[in-house]
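Please read this briefing alongside the sequence and the 3D view.

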There are 2 protein chains.
Amino acid sequence: MKKRILISDIARNLGISVTTVSFILNGKAKEKRISEGLTKRVLEYVKKVGYKPNQLAQSLRTGQSKILGLIVEDISNPFFSNVAKYIERIAYDNGYHIIYCSMDNDGTKAKELIQLFYDRQVDGYIITPPEGLEDTLASLIKNNVPLVLFDRYIPTLETHYVVLDNFKGAFDATKHLLDNPVNKRVGFVSLYSNQTQMKDRLEGYMKAIDEFHQQAFIKKVKIDEEEDSAVEQLHEFISANRLDAVLFATNYLAIDGLKAVKAYNLALPNMVAFDDHTLFKLYEPSISVVTQDTAEIAKELIHTLLNEIKGKNKQLQQIVVPSELQVRGSSIINPYPAEQIS
Amino acid sequence: MKKRILISDIARNLGISVTTVSFILNGKAKEKRISEGLTKRVLEYVKKVGYKPNQLAQSLRTGQSKILGLIVEDISNPFFSNVAKYIERIAYDNGYHIIYCSMDNDGTKAKELIQLFYDRQVDGYIITPPEGLEDTLASLIKNNVPLVLFDRYIPTLETHYVVLDNFKGAFDATKHLLDNPVNKRVGFVSLYSNQTQMKDRLEGYMKAIDEFHQQAFIKKVKIDEEEDSAVEQLHEFISANRLDAVLFATNYLAIDGLKAVKAYNLALPNMVAFDDHTLFKLYEPSISVVTQDTAEIAKELIHTLLNEIKGKNKQLQQIVVPSELQVRGSSIINPYPAEQIS
DNA sequence: CTGAAAGCGCTAACAT
DNA sequence: ATGTTAGCGCTTTCAG
């Protein structure tokens, strides 16, 4: 951690010019027909003294910051923090850094963050867009700023994105529940949201319900900081409709559902949740889930974004990754309480 | 998101020099005795055209990047992601950005990250130091790099830090368990770690055990990716020693404990865990915890670090925040299985 | 093949 | 009070 050494120091100590050093460092030795001997000598010296270019100066000059902006809905949601973790790792391997923020599904905050990143001249964005961000994203696109959305997308915008096959995920889960003949009344809990992932999950649910000629029970819930209202509403929804089973559109909705079950001492209906959570594996019974392959999603995101930055994307990358239904105890509950104990 | 406007554009359009604009923008109008009228005019114009200085150029010039490096053990642990969330928020309010990384308690990785941040010229560091980082941190200090540690500290290093009162937290929890006369055999589960937080928790446990003249049962566990070994060891520890109660030194150790209970169908001993987790509130019975005030910790961290950056810390800030014991169902379990059902 | 030199956009010492 | 100007460290054009 000694005093910073400059490219000019190297040039002086080696008795050559900074240009030559710069060319060699940037892999243009061949192109500029610099002798192999010199190239090797410079490279070795650089390694010996541990020279690292000043990224700031480099960025100022090249206009590339080597920083990627990651804006997720909520970094404390394990799904997002997991994706973030992988993204971070892959980005680093490619010489990029991540500046991340959560925006708590707040359009205004998201706009500010994007502006902030723009001021910082990040090289590209990975965003889970909240509602009302269409214009901001549109102007980003118009300015040719590399951008990839994930988890959801904006149908009216021609952007790259990586999302889950939400329709199939919801369909499979609902079908799984309906396949059990004891489940007649299967409900769906979602959010007041027009985002694509929520719409697709709802459609998947409806498709399965229709195939089985059952009635749909759909409850949308408003989540705020004092979440008790959601818990109460879920209690009402589950008990008033005497639901046999419920599909929850997110992990935190399912957690609120479990809170309702606990608070009101309800019999747990058969249930499946979207997105895994430590809690679900340990809950008794363990909770069945529709999972996303976070590593895969992160990989696709970064690769798409880096290709975009390098101008290597021939076409729009609109990637849909498959969902996986993990059946656990909560979706195969014996419906007769008397036998449940054994 | 139109074309970027420069400070020189402003100067030209207003018919004044860049210096004047720069002074005004940097709040030196008074100091430089620039007329109030002009100051106001410039400020208004700047707001009107939405000028934002190029941070890169500013950084290159001032040597300040306005970026803080946050290196935590594991961003997917809710404790750390919560602290990160607050830190991020407060930092932004103060005009700083956060670049964060998790280092998975890997000394080598942490060293690389610090080097990386150093190359990026971050203005300061907030670090949860893993073992073996002493030298790296020492050289950071020698170079007068602003630095605050948290969650744990390095006793041999004179650094600022913000940590929990781990001793008291463990003592209170253990005492709470021992206060119940049915708890004779109270165990402690920790990690193979010489980090201060683990040592202090152990000492708190020992102190309480000694006060009650009970035997200590201490199990250290090695955590790796395939965590099954930990689960098995915990099963062995709990059942072979016929423990009445267990204090877990971290939330994930407690989760492994719960996995052991589930996998081996053990009777759950009375238990308390360090650091809260969604799971703990919903588990049946809910799990008692020693909690940290993450908002408070984040606040102290940022303020200490910013003061250090501004050279305003008169002395070493070694802050110990109080712990809080939250008693829930898991530490008041009726010990007689026959009655447990009701 | 290599070097001189012009910036990237901003700050601040120095001049007026 | 305000303007001129020299850099911060790097890349890259242009001239040898």
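How many residues surround DNA strand D, and which are the closest? There are 28 of them, and the closest are A:N54, A:A57, B:S17, B:T19 and B:R33, where a residue is near a molecule or strand if its C-beta atom, placed from the backbone, lies within 6 Å of it. This is a predicted model, in which local features need pLDDT of at least 70 and side-chain atom pairs count only at pLDDT 80 or more, while totals for chains, interfaces and linings use all residues. Residues are numbered from 1 along each chain as its sequence is written, and chains are lettered from A and ligands numbered from 1 in the order in which they are written.

**Around DNA strand D**
- The elements that each supply at least two residues of the surface near DNA strand D are α1 (7-14), α2 (18-25) and α4 (55-62) of chain A, together with α2 (18-25) and α4 (55-62) of chain B; helices (H or I, at least four residues) and strands (E, at least two) are DSSP runs, numbered from the N terminus.
- That surface near DNA strand D divides into 13 nonpolar, 11 polar and four charged residues, with Ala, Val, Leu, Ile, Met, Phe, Trp, Tyr, Cys and Pro counted as nonpolar, Asp, Glu, Lys and Arg as charged, and the others, Gly among them, as polar.

**Around DNA strand C**
- DNA strand C has 26 residues around it, of which A:S17, A:T19, B:I7, B:N54 and B:A57 come nearest.
- Here α2 and α4 of chain A and α2 and α4 of chain B each supply at least two residues, and α4(B) gives the most, with five residues.
- By class, the surface near DNA strand C has 12 nonpolar, 10 polar and four charged residues.

**Between chains A and B**
- In chain B, 37 residues are in contact with 37 residues of chain A, two residues being in contact if their C-beta atoms, placed from the backbone, lie within 7 Å.
- On the side of chain B that touches chain A, the largest share, six residues, comes from α5(B).
- This side of chain B has 17 nonpolar, 12 polar and eight charged residues.

**The build of chain A**
- The secondary structure of chain A comes to 14 helices and 12 strands.
- Along its principal axes, the C-alpha trace of chain A spans about 90 × 45 × 35 Å.
- Of the contacts in chain A with a separation of 6 or more, 67% are between residues 24 or more positions apart.
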